[in-house]
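Here's a quick briefing to read with the sequence and the model side by side.

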Amino acid sequence: MWNQKPGFRFEIDNFSEKKDAIVSYPFVSGGCEWFLYVYPKGEYSKKLKREYLCDDHLSLFIHANSSLLQPGWKRSVNFYFSVLNQSNKELYRTPFALTELSGKRTSWGFRKTFPFSKIQEKGFLEEDRLIIEVYINVSEAFDGESGDVSEKKEAYINGFRVFASQVTSVRKIFAEHPDIATYVKPKNQVVRTEYMNVLLELEERLNKLEKMESNLKLDSLKRKLDEVDSERKKAKANESRVQKLEERVKNIELMESGFMMDSLKSKLDDVSLEKKKSYYADGSRVQELEESVKDLKKMVSDLKNKLDKEEAKSSDDEFLLVNEVA
């Protein structure tokens, strides 16, 4: 599977002025140190007095640094190159290459990519800078003649001589920090071995610290989980309590509602009774008033009759008096 990021990126300034081979600084992949070889006008042969094998075409190769590897080493590698300009626009991509490199053949690549004259065209390159990215994947690595390092007292890993018991740890270091070999300049194997021993000791200490930190994190996580569980239980208890309180409030509301209904019914009954009393009381009074009015009318009628009689008698008396005078 290809990585989404390049294993190596190399930027070349003033590229149009270059003629001879350009060798990159080393990079590490698959436990091996590599160089990128760039031939602006094509690969040439030293045996043929620098005669170009592919004139006027950009050539690209990867080269394994076999000087740091144990005799008998092998690397199965697949790779491709991507050529870009200053704006990271891809100008060219080579096909995929699959090969096996060893002490007998340390380089592989593409003699012919695109014409050098194309690079000199106006606007093809920005600020005359060419960028080459190497996408590389080492599928198999063989570090020595035996291959089974567990049977040997010592082994060579990426140019470092280590004990067989250290092989797994050293490979882990190179897997996590592939550029380490690049920064180790001494060629003396004793110095390189001591350098690796220091790295292994640091790695062991870091592992212990990480384990302690992991245990601390687990303890802290356990405490937090216990706290969360406690809070959850409290929340559940509070929820039950709230539910009971809500039920009590509901019951009280129902009781109050019933009491209010009874009170309202009682008041309605009282009002109805008062209304009836008022009705009957008002009827009796009206009857009394009607009888009083009736009595008054009778008295008025009797009085009028009496006055009529008195007036009639007075008129008769005056008539008799007149006759007597006459």
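**Briefing: loops, core, charges and surface**

Asp128 sits in the loop between H1 and S12. Keep in mind that this is a predicted model. The rundown below starts with that loop, then goes through the core, the salt bridges and the surface patches.

**Loop residues with positive phi**

- Asp128 is not a glycine, yet its phi is positive, at about 55°.
- Asp128 is also buried, because its relative accessible area is 18% and the cut-off for buried is under 20%.
- Asn88 is another non-glycine residue with a positive phi, near 65°.
- You'll find Asn88 in the loop between S8 and strand S9 (90–93).
- At 43% relative accessibility, Asn88 counts as partly exposed.

**The nonpolar core**

- The largest nonpolar core is made of 33 residues.
- Which residues have the most contacts inside this core? They are Phe15, Trp34, Val38 and Phe81.
- Several elements give two or more residues to the core, among them strand S1 (8–13), strand S4 (32–39), strand S7 (59–64) and strand S8 (74–84).
- Strand S10 (97–102), helix H1 (116–119) and strand S12 (129–142) are also on that list of elements giving two or more residues.
- S12 supplies the largest share of the core, with 5 residues.
- As background, nonpolar side chains tend to be buried together in soluble globular proteins.

- How many salt bridges does the structure hold? The count is 10.
- Glu133 pairs with Arg9 in a salt bridge, and their closest N and O atoms are 2.6 Å apart.
- Glu133 is in strand S12 and Arg9 in strand S1, so this pair ties together parts that are 124 residues apart in sequence.
- Is Glu133 buried or exposed? Glu133 counts as buried, at 8% relative accessibility.
- Asp13 belongs to strand S1 and Arg129 to strand S12, so here the pair ties together parts that are 116 residues apart in sequence.
- Asp13 counts as partly exposed at 38% relative accessibility, and Arg129 is partly exposed too, with a relative accessible area of 22%.
- Put together, Arg9, Glu11, Asp13, Arg129 and Glu133 are linked in a network of salt bridges.
- For context, side chains of opposite charge can pair when their charged atoms come close.

- The side chains of Asp229 and Arg232 form a salt bridge at 2.7 Å, N to O.
- Asp229 and Arg232 are separated by about one helical turn, because they are 3 residues apart in helix H4.
- Asp229 is partly exposed, with a relative accessible area of 29%, while Arg232 counts as partly exposed at 47% relative accessibility.

**Surface patches**

- Which residues form the negative surface patch? Glu288, Glu290, Glu291 and Asp295 do.
- Asp295 is part of helix H4 (residues 189–325).
- With a relative accessible area of 46%, Asp295 is partly exposed.
- There's a nonpolar patch on the surface as well, formed by Leu206, Leu209 and Met212.
- Together, the residues of the nonpolar patch have about 310 Å² of accessible area.
- Met212, one of the nonpolar patch residues, is found in helix H4.

**Residue pairs separated in sequence**

- Leu58 and Lys118 are 60 residues apart in sequence, and in space their C-alpha atoms are 9.9 Å apart.
- Where is Leu58? Leu58 is in the loop between strand S6 (51–52) and S7.
- Leu58 counts as buried, at 0% relative accessibility.
- Asn197 and Gln166 are 31 residues apart in sequence and 9.2 Å apart in space, C-alpha to C-alpha.
- Asn197 has its place in helix H4 and is partly exposed, with a relative accessible area of 24%.

Technical notes
Residues numbered from 1 in each chain as written. Predicted model: local features only at pLDDT ≥ 70, side-chain atom pairs only at ≥ 80, totals over all residues. Heavy atoms only, no water. Patch = residues over 30% accessible without salt bridge, like charges linked within 9 Å, V, L, I, M, F, W, Y side chains within 5 Å. Areas by Shrake-Rupley, 256 points an atom, 1.4 Å probe, with all protein chains shown as cover. Salt bridge = Lys/Arg side-chain N within 4 Å of Asp/Glu carboxyl O. Lys, Arg positive; Asp, Glu negative; His and termini not counted. Charge placed at Lys NZ, Arg CZ, Asp CG, Glu CD. Helix = DSSP H or I, 4+ residues; strand = E, 2+ residues; numbered from the N terminus. Buried < 20%, exposed > 50% of the residue type's maximum accessible area, 1.4 Å probe, protein only. Core = buried A, V, L, I, M, F, W, Y, C linked by side-chain atoms within 4.5 Å.
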